Amino acid sequence: MTLFSWPNRTENFVGVGTKAALLALAVFAVAITFANLAVPVGSALHIPDYIVALLGKFLCYAMLAVSLNLVWGYCGILSLGHGAFFALGGYAMGMYLMRQIGTRGVYGHPVLPDFMVFLNYKELPWFWTGFDQFWFAALMIMLVPGMLAFVFGWLAFRSRVSGVYLSIITQAMTYALLLAFFRNDMGFGGNNGLTDFKEIFGFELQSRETRAGLFFASAVFLGLFVAITAFITASRFGKLLVATRDAEARTRFLGFRPEKVKLFVWTLSAVMAGIAGALYVPQVGIINPGEFAPANSIEIVIWTAVGGRGTIIGPVVGAFLVNGGKSWFTGLFPEVWLFVLGALFVFTTLFLPKGVVGTVREAWTTRRSTASRVTKRNEGCIQTKNGDQTQAVAAE
Amino acid sequence: MLRGISVVCSWLIWSFLACSASAQEVDIKPIIAEFAQAKKFRDVEVIVEKLGATGDSRVGSSLRALSDGKLKFRISDGEVFIVEDGSAFDPITREKISIGDGDPNSFKKVKVKNSLRRKIAATLSGLTLKSTSVERRLRSASTIFKNADARSLEALETALVDEENIDVRVAFSDAKAAATLASDRSSDEKLIAIDRIIERGGSDALSLLSRFSIRADGELKTAIDAGISKIQSSLAVWASAQNVWYGISLGSVLLLAAIGLAITFGVMGVINMAHGEMVMLGAYTTFAVQELIRASAPELFAWSLAIALPLAFLVSGTVGLIMERGLIRFLYGRPLETLLATWGVSLILQQCVRTIFGPTNREVGNPDWMSGAFEIGHLSITWNRLWIVVFAMAVFTVLYFIINRTSFGLDMRAVTQNRRMAGAMGIRTSWVDAMTFALGSGIAGIAGVALSQIGNVSPNLGQSYIIDSFLVVVFGGVGNLWGTLVGAMSLGIMNKFLEPYAGAVLGKVIILIAIILFIQKRPRGLFALKGRAVEV
C-alpha cells in the first residue's frame with residue numbers, strides 16, 4: 001500500500017510542464033468543439049467536420065502512445081504488440097455498436113449482425129451475449145485487454161523474459177491474434193471486421209454532435225491518462241518503476257519484486273490501450289483485423305520515440321507530429337511517406353534518442369542550471385556538486 | 001525390251017502399293033459409312049464394336065466425334081462427315097472437305113446416348129492400349145483401373161501378351177484385376193484380382209474396393225473388407241510420411257530464412273528487423289537476372305539461378321555491410337534501439353523496391369530442372385521442393401564449416417565470446433563485426449534466390465518471413481546453428497501435422513502460442529548456450 005502513497009505535497013506531483021500541457025489540452029478540446037459546432041459554416045473560424053474526425057483519431061493515437069510510454073519509457077518493456085490491446089478494446093466496442101444496429105442491417109435480422117446472417121449463423125455465439133448493454137461492453141473493453149496482458153505478463157515476467165525476447169514474443173502475440181481474427185469462424189466478421197455502425201447510446205453516429213462528443217470524450221480520456229502517468233511516475237511506485245528499468249537485478253537484490261512492478265504497469269497500460277481502441281472505433285466507423293498487424297504496433301513505438309519516451313507529454317506530441325506528418329505526406333506525395341517514416345526511425349534512434357520533448361527539456365534544464373551556476377559562481381559558491389547534479393538531470 | 005519390263009514392273013509395284021493403301025482405307029470407310037444406315041442405338045453400337053474390332057488407331061477421330069455429337073451424315077447421299085463450327089472434315093484423315101452450300105439442314109446427326117458414350121470410351125481406351133506411346137498406354141490403363149471397366153478385359157488380356165515394357169505390364173495387370181472384379185468371371189479369379197489390387201494400394205484402389213464392397217457378398221466381401229482396412233492403414237502411414245516430407249520442406253524454407261538471422265542475431269546479438277528485406281533483395285536480384293537473360297541470352301535460362309546466387313549474396317551482403325558501418329555499429333549494446341532503426345531501414349528498402357519494380361507481384365521462372373514432380377511409392381515429391389531442401393542443407397553445411405573450421409569463423413567466435421580479449425589478441429573486432437553482419441545478410445540474399453522459386457516475389461516478401469525467422473532462432477536457441485536447424489525442422493513438421501486437424505491458419509496460431517509458452521519455460525531456447533553469465 002505504501003507504494004501508492006500520495007506524492008509528497010512539496011514535490012508537486014504534477015510538474016509545471018504537465019500542468020501547462022493539461023491546460024492546453026483542455027483549451028484545445030473546448031476550442032475545437034466550439035469552433036466546429038457553434039461557429040457557423042463559412043466563417044473563417046469554423047473547423048470543418050473532417051478536421052474534427054482527424055484530430056479525434058490523433059487523440060486516440062496519443063492515448064495509445066501514452067499507454068506504451070508507461071511501459072517502455074518508464075519500465076523499459078518495449079512492447080511490439082500494443083496494437084493488439086488497442087484492437088481488442090476496439091472489437092469490444094465494435095461488438096456493442098453492432099448490437100445497436102438492431103433490425104437496421106441489410107438483412108434486417110433482429111438479433112444477428114449482418115455478417116453472421118451472411119455466414120449462416122443460427123444463433124448469437126456465446127461470447128456475444130451481454131454486448132447489447134453498454135456497461136457490459138465497457139467492462140469488457142477494459143477486462144479483455146487487461147486479462148490478456150495479465151496472463152501474458154504473468155507468464156513472461158515470472159520467467160524473466162526480458163529485452164528483445166519479450167519484444168519478439170509480444171510481436172508474435174499480435175501476429176497470432178491477427179491470423180486468428182482473419183478467420184471467419186472466429187465470429188468476429190473475418191477480414192471485413194465489424195462496420196456499418198448506426199448509433200451509440202441512441203445518438204446517430206454520423207451526426208456532427210455525436211462526432212464532436214466523441215472527440216471531446218477522447219480529449220478527456222487523454223487528459224486522464226496523462227494525469228495518471230504523471231501521478232504514477234511521481235509516486236514512490238514510480239521510483240521503483242524507473243529503478244526496475246535501469247537496474248532490474250539491483251532492484252531485486254534490494255528486496256523488491258520487479259516482476260510485480262512490471263506486471264502492474266503492463267496490465268494498466270493494456271487497459272489504457274483498450275480504452276483508446278474503444279474510442280477510436282466509433283470515430284473511424286470500422287474495426288478489422290488489420291489493426292493487429294505487427295507494423296501498426298511498431299508505429300506506436302515510433303510516435304513515442306519521436307515525442308520522447310520517459311517524458312509525460314512526449315508521446316502526445318510524438319503522436320500528433322508523426323500522424324500529422326503522415327496525413328500531410330500521404331495527401332501530397334503518397335510514395336514518399338514510407339521513406340520518411342523509415343528515415344524517422346533511423347534518425348530518431350541515432351540523433352534524437354530522447355525525443356523532441358526530452359531534448360527540449362534537456363536543453364532547457366542545462367541552460368537554466370548553467371545560468372544558476374553562473375549566478376552562484378558570482379556569489380562565490382563551490383561548484384562541483386552542482387555540476388554533478390546537472391549531469392544527473394541530463395541522464396534522467 | 002528391258003525398258004518395257006521395268007516400266008511394267010514399276011507400274012505393278014505402284015498399283016500394288018496404291019491397292020494396299022486403299023485396301024486398308026476401304027476396311028474402315030465402309031464401316032463408318034454404315035452410320036448413315038443405323039436406325040437404332042443398337043445398330044450404332046454394333047458399328048462401334050466393328051470399328052473397335054479393326055484395331056486400327058485411325059478410327060479414333062470418328063469415334064471421338066461420335067461421342068461429342070459431331071459425327072453427321074449428308075441426307076442426300078449418306079456420306080459421313082465430322083461437322084464442326086459449320087465446316088466438314090473427313091472422318092478418318094480429318095482433312096477439311098468443301099461441302100458446297102454448307103446448309104446445316106442437309107446434315108443429320110448420328111444419335112448417341114450416355115450408355116453408348118461409355119461404350120465408345122471403352123473402345124477408345126482399348127485402342128490406346130495398343131498406342132505406340134508408353135505414356136498413353138499407362139494413362140489408358142489407369143483410366144481402366146479407376147473405372148473398373150469390364151468391357152476392356154479382353155482388350156487388356158490381348159494387349160498384355162504383346163506388351164514388353166515392364167511398367168506398362170504392371171499397369172495393365174492392375175487394370176486387368178480391376179476389370180476382372182467388375183466382370184462376371186469366377187470368384188476364384190476375382191479373389192486373385194482383389195489380392196492384386198490390395199498389393200497395388202493407393203487411394204484409387206481404396207475407392208475401387210469400397211465401391212465393390214457394397215455389392216459383394218460371401219468370401220469376396222470379407223476379402224475386400226480386409227483389403228480396404230489394409231490399404232487404409234498403409235495409406236495412413238503414407239499420409240504421415242507425406243506430412244513429414246511437407247514439414248521438412250517447410251522447415252527448409254524456414255531454415256533458409258532464419259539461418260542468416262542465426263548469425264546476426266544469434267552470434268552477434270544484433271536484432272536486424274530488415275533481415276526479411278535482405279531475403280527480398282535476393283529474390284529481386286533473381287528476378288532482375290532472369291529478365292536480363294530473357295532479353296539478351298535466353299539460352300542461359302537454365303543457369304539463371306546459378307548466376308543469381310553469387311549476385312544475390314553480393315547485393316544483400318553489400319547492403320548489410322553498409323547498414324552495419326553506417327548505422328548498427330553506433331547502436332551496439334542498445335538492442336531495442338537497433339530493433340527500431342533496422343525496422344526503419346526495412347521500410348526504406350521496401351519502398352525502394354516498390355518504386356523501382358512496382359508494387360505488384362513479380363513472377364520468377366523455374367528452370368526446367370526445378371519443375372515437375374516424381375513419385376516414390378505414394379509420395380509425390382516436387383523437384384523444386386526437393387532442391388530447396390538440398391540447398392538449405394548445403395547452405396547450413398557451408399555456414400557450419402565457415403564458423404567452425406576457418407580462421408574467420410574463429411575470429412567471429414572469439415569476438416562473440418569476449419570482445420575485449422579478442423581485441424587484445426589483435427583481432428580487428430570492428431572489421432569482424434562488419435564481415436559477420438555482411439555474411440549473415442548475404443546468406444539471407446541467397447535464401448531469397450531459393451524462396452523466389454516457391455512463391456511470388458513482392459516488396460512484402462520479407463515481412464512474411466521475419467516473424468517466423470525470429471521465432472525459429474529464439475526457439476532453437478540463440479548463438480547455435482544446430483538449434484536453428486532443429487528449430488526450423490520441428491516447427492515445419494509440427495505445422496504440417498497440425499494443419500489437417502486445425503486448418504492452416506489456426507495451426508499457425510497454435511504454434512505461435514506454443515512458442516510463446518515455450519519461451520516462458522526456456523527463455524534461452526532449445527539449445528541454450530551454457531554459461532555463468534547473468535543477463536545484463
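In this predicted model, 41% of the 536 residues of chain B count as buried. Chain B is built from 20 helices and seven strands. Its radius of gyration is 34 Å, well over the 24 Å that the globule rule gives for 536 residues, so chain B is more spread out than a compact globule. Along the principal axes, the C-alpha atoms of chain B fill a box of roughly 105 × 70 × 55 Å. Contacts between residues 24 or more positions apart make up 71% of those in chain B with a separation of 6 or more.

The domain assignment divides chain B into domain 1 (26-115) and domain 2, the latter given in two segments (253-374 + 393-521). Taken over C-alpha atoms, the centres of domain 1 and domain 2 of chain B are separated by 64 Å.

Turning to the strands, five of them in chain B form an open sheet with antiparallel pairing, in the order 4-3-2-1-5. Strand 4 (96-97) and strand 5 (107-109) of chain B stand at the edges with a single partner strand each, so one side of each is left without a neighbour in the sheet. Further in, strand 1 (residues 71-74) and strand 2 (residues 80-84) of chain B run antiparallel and are joined by three bridges.

The contact between the two chains takes 40 residues from chain A and 36 residues from chain B. On the side of chain B that touches chain A, helix 13 (335-357), helix 18 (461-476) and helix 20 (504-521) of chain B each supply at least two residues. Helix 13 of chain B gives the largest share of that side, with 14 residues. By class, the side of chain B that touches chain A comprises 27 nonpolar, five polar and four charged residues.

The largest nonpolar core holds 197 residues, of which A:Met63 and A:Ala172 touch the most other members. Helix 2 (residues 49-72) of chain A contributes the largest share of this core, 15 residues. Leaving aside residues up to four places away in sequence, A:Ala172 touches B:Ile467, B:Leu471, B:Leu512, B:Ile515 and B:Ile516. A second, separate core has 49 residues, including B:Ile144, B:Ala155, B:Ala205 and B:Leu208.

Note on methods: Residues numbered from 1 in each chain as written. Chains lettered and ligands numbered in written order. Predicted model: local features only at pLDDT ≥ 70, side-chain atom pairs only at ≥ 80, totals over all residues. Contact = placed C-beta atoms within 7 Å. Helix = DSSP H or I, 4+ residues; strand = E, 2+ residues; numbered from the N terminus. Nonpolar A, V, L, I, M, F, W, Y, C, P; charged D, E, K, R; others polar. Core = buried A, V, L, I, M, F, W, Y, C linked by C-beta atoms within 7 Å. Buried ≥ 20, exposed ≤ 12 C-beta atoms within 10 Å, placed from the backbone. Rg over C-alpha atoms; globule rule 2.2 N^0.38 Å. Domains from an automatic or database assignment. Pairing = 2+ DSSP bridges.
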